[in-house]
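Me: I have a structure open here and would like to go through it with you, a bit at a time. Could we start with the aromatic rings and then move on to the strands?

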Number of protein chains: 4
Amino acid sequence: MSDKMSVESLQALIDGSSFLRFIGLKVVSIDPAAAMVVLRVGLRPELERRDGTGQWHGGPIAALIDSAGDYAVALGLGNVVPTINFRVDYLRPAMTAELTATARVRRAGRTVAIVDIDVSDAEDRLVAIGRACYSSQPG
Amino acid sequence: MSDKMSVESLQALIDGSSFLRFIGLKVVSIDPAAAMVVLRVGLRPELERRDGTGQWHGGPIAALIDSAGDYAVALGLGNVVPTINFRVDYLRPAMTAELTATARVRRAGRTVAIVDIDVSDAEDRLVAIGRACYSSQPG
Amino acid sequence: MSDKMSVESLQALIDGSSFLRFIGLKVVSIDPAAAMVVLRVGLRPELERRDGTGQWHGGPIAALIDSAGDYAVALGLGNVVPTINFRVDYLRPAMTAELTATARVRRAGRTVAIVDIDVSDAEDRLVAIGRACYSSQPG
Amino acid sequence: MSDKMSVESLQALIDGSSFLRFIGLKVVSIDPAAAMVVLRVGLRPELERRDGTGQWHGGPIAALIDSAGDYAVALGLGNVVPTINFRVDYLRPAMTAELTATARVRRAGRTVAIVDIDVSDAEDRLVAIGRACYSSQPG
């Protein structure tokens with residue numbers, strides 16, 4: 001499983017997505033043995049809650065959560081998979097220029113995979129947490 | 001309550017948000033008596049799953065759900081409120097140029113409000129459904 | 001599809017479950033065309049939040065939601081299916097001797113089915129709502 | 001905070017609930033500094049999926065998750081609080097005579113608290129995970 005994906009091949013997969021390229025999603029690190037990926041995004045004006053506040057809108061945070069979970073599953077399967085559903089809990093306003101998402105697969109079953117995703121700000125405070133369910137069947 | 005918000009004042013509230021202005025969120029109609037709002041977004045290249053496919057990325061759909069629910073609550077309260085958490089279930093690939101979100105408050109309590117949000121494509125097929133919980137306390 | 005399940009055959013399926021027999025789950029009506037079932041439970045002392053208060057504990061309400069959704073899916077498939085995940089939102093204390101759950105399939109896909117479940121008290125006030133995802137694949 | 005609740009006072013709080021006494025919920029340990037509680041339940045015939053199978057019905061597992069999360073919050077506040085909503089993901093059939101729930105508060109805010117709950121079987125396999133949101137305001 002560990003040879004299915006490298007940081008580079010995962011980044012290439014991400015860069016193939018128009019939306020993820022737009023929000024500037026970057027792979028920080030992967031840990032195939034732990035089925036874990038760390039991703040990062042940087043704030044751009046279009047992603048702010050209100051002009052010039054420096055606060056992230058919740059929408060891009062939800063998108064970050066969904067995508068980070070998906071790439072944690074992709075690490076094992078070698079390709080992105082459809083999201084079935086996910087939950088986001090917002091814990092604090094996200095106010096730093098960068099956010100980091102750490103996604104860890106809790107269970108990779110025959111038909112679905114469940115992933116937990118923690119989103120932290122640049123000062124390592126948890127700003128949101130996600131839990132997502134993906135279809136893990138071969139197409 | 002019905003005089004708290006008009007289509008115009010709700011749209012002005014939305015346009016104050018950098019991210020929602022970017023995704024081009026438009027108010028279609030409001031029904032204050034039913035605590036319901038209908039919103040619309042149009043696909044732009046940055047919101048696609050992959051270049052030129054015409055398929056929406058799930059991230060903007062999740063953002064649409066969160067925002068539509070928020071504005072359904074705002075209809076009653078007169079201002080936007082923090083999202084506590086929400087769930088998205090994706091039902092079908094979203095392939096049409098426009099998507100419509102219909103948000104209806106299920107319960108507006110003293111401390112939290114619960115909203116259901118249905119997202120349909122231009123052919124009126126359900127593509128995703130959301131359920132969201134907002135803090136409804138006066139700041 | 002409509003001949004797969006009758007009220008009686010659905011009730012027999014329910015009565016095969018030790019836990020559901022214990023909480024006394026009863027089929028009120030089914031509507032196969034709408035993929036909808038209505039179920040009812042009556043309060044017994046073991047299901048109370050606290051002795052003699054007449055208030056339902058949230059646990060049995062969550063179980064009612066999960067089961068009602070499952071039987072709405074069973075209506076179409078002819079058998080019960082594994083729950084993948086579900087969400088419960090509690091809206092009000094449940095204080096009446098009987099509770100009614102109305103479950104409606106929102107999407108029956110090839111691999112998963114999504115169901116909405118509303119729980120009302122004897123005075124027809126919504127006390128909780130659920131959204132659940134089931135594996136809909138043939139075993 | 002650590003002197004608000006002992007294993008004994010938490011158990012007494014649990015035993016005040018008719019339903020939790022029925023399902024036999026027991027406090028295994030508490031860690032007030034980590035806002036964490038460990039609880040256990042034992043299978044009784046009424047909680048089985050089907051007679052004599054030894055498999056837990058999902059309903060009692062959902063109830064265990066909701067309650068474990070609540071008592072993790074109670075550890076800090078000194079009393080039980082209303083559940084706003086929660087999500088359960090079932091990962092595997094639960095087949096052992098005892099199940100253990102470990103609940104850890106992820107964020108205790110001014111108005112809501114978010115808790116993660118892991119449920120493991122007697123062989124320490126994860127059978128279900130929950131994420132729950134509670135109202136943390138003083139009554």
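**Rings, strands and a histidine**

Reply: A search of the whole structure, which is a predicted model, finds eight aromatic pairs over all chains.

Me: How is the pair of A:F86 and B:Y90 arranged?

Reply: The rings of A:F86 and B:Y90 are stacked, with 6.4 Å from centre to centre and 20 degrees between the planes. A:F86 belongs to strand β3 (residues 83–90) of chain A and B:Y90 to strand β3 (residues 83–90) of chain B, so the pair joins two chains.

Me: Are those two residues buried or exposed?

Reply: Both A:F86 and B:Y90 are buried.

Me: And what about C:Y90 and D:F86, why is that pair called stacked?

Reply: The ring centres of C:Y90 and D:F86 lie 6.4 Å apart and their planes are at 20 degrees, so the pair counts as stacked. This pair also crosses between chains, running from C:Y90 in strand β3 (residues 83–90) of chain C to D:F86 in strand β3 (residues 83–90) of chain D. C:Y90 counts as buried because its relative accessibility is 16%, and D:F86 is buried with a relative accessible area of 0%.

Me: How are chains A and B related, then?

Reply: Chain B is superposed on chain A by a rotation of 180 degrees with 0.0 Å of shift along its axis, at an RMSD of 0.0 Å. The two copies are thus related as by a two-fold rotation axis. In chain B, the C-alpha nearest the axis belongs to B:R87, which is 2.1 Å from it. The same surface serves both copies, since 97% of the contact residues of chain B recur in chain A.

Me: OK, strands now. What does β3(C) pair with?

Reply: β3(C) is joined to strand β6 (residues 126–135) of chain C by seven bridges, the two running antiparallel, and C:D89 has C:I129 in β6(C) as its bridge partner. β3(C) also pairs with β3(D) in the antiparallel sense, over five bridges, and there C:R87 has D:R87 as its bridge partner. β3(C) is mostly covered, with eight of its eight residues buried.

Me: Last topic: where does C:H57 lie, and what does C:H57 touch?

Reply: C:H57 is in the loop between β2 (36–42) and α3 (58–77) of chain C, and it counts as buried because its relative accessibility is 7%. A polar atom of the side chain of C:H57 lies 2.8 Å from the backbone nitrogen of C:G59. Leaving aside residues up to four places away in sequence, C:H57 touches C:L47, C:E48, C:R49, D:S17, D:F19, D:L20 and D:S67.

How values were computed:
Residues are numbered from 1 along each chain as its sequence is written. Chains are lettered from A and ligands numbered from 1 in the order in which they are written. This is a predicted model: local features need pLDDT of at least 70, side-chain atom pairs count only at pLDDT 80 or more; totals for chains, interfaces and linings use all residues. Side-chain values use heavy atoms; hydrogens and water are left out. Helices (H or I, at least four residues) and strands (E, at least two) are DSSP runs, numbered from the N terminus. Buried means under 20% relative accessible area, exposed over 50%, partly exposed in between (1.4 Å probe, protein chains only). A polar contact is a pair of N or O atoms within 3.5 Å; within protein, one must be able to donate a hydrogen and the other to accept it, and residues adjacent in sequence count only if both atoms are side-chain atoms. Contact means heavy atoms within 4.5 Å. Copies are superposed by least squares on the C-alpha atoms of residues with pLDDT of at least 70 in both. Rings of Phe, Tyr and Trp (its six-membered ring) pair if their centres lie within 6.5 Å; planes under 30 degrees apart count as stacked, over 60 as edge-to-face and the rest as tilted. Two strands pair if DSSP finds at least two bridges between them.
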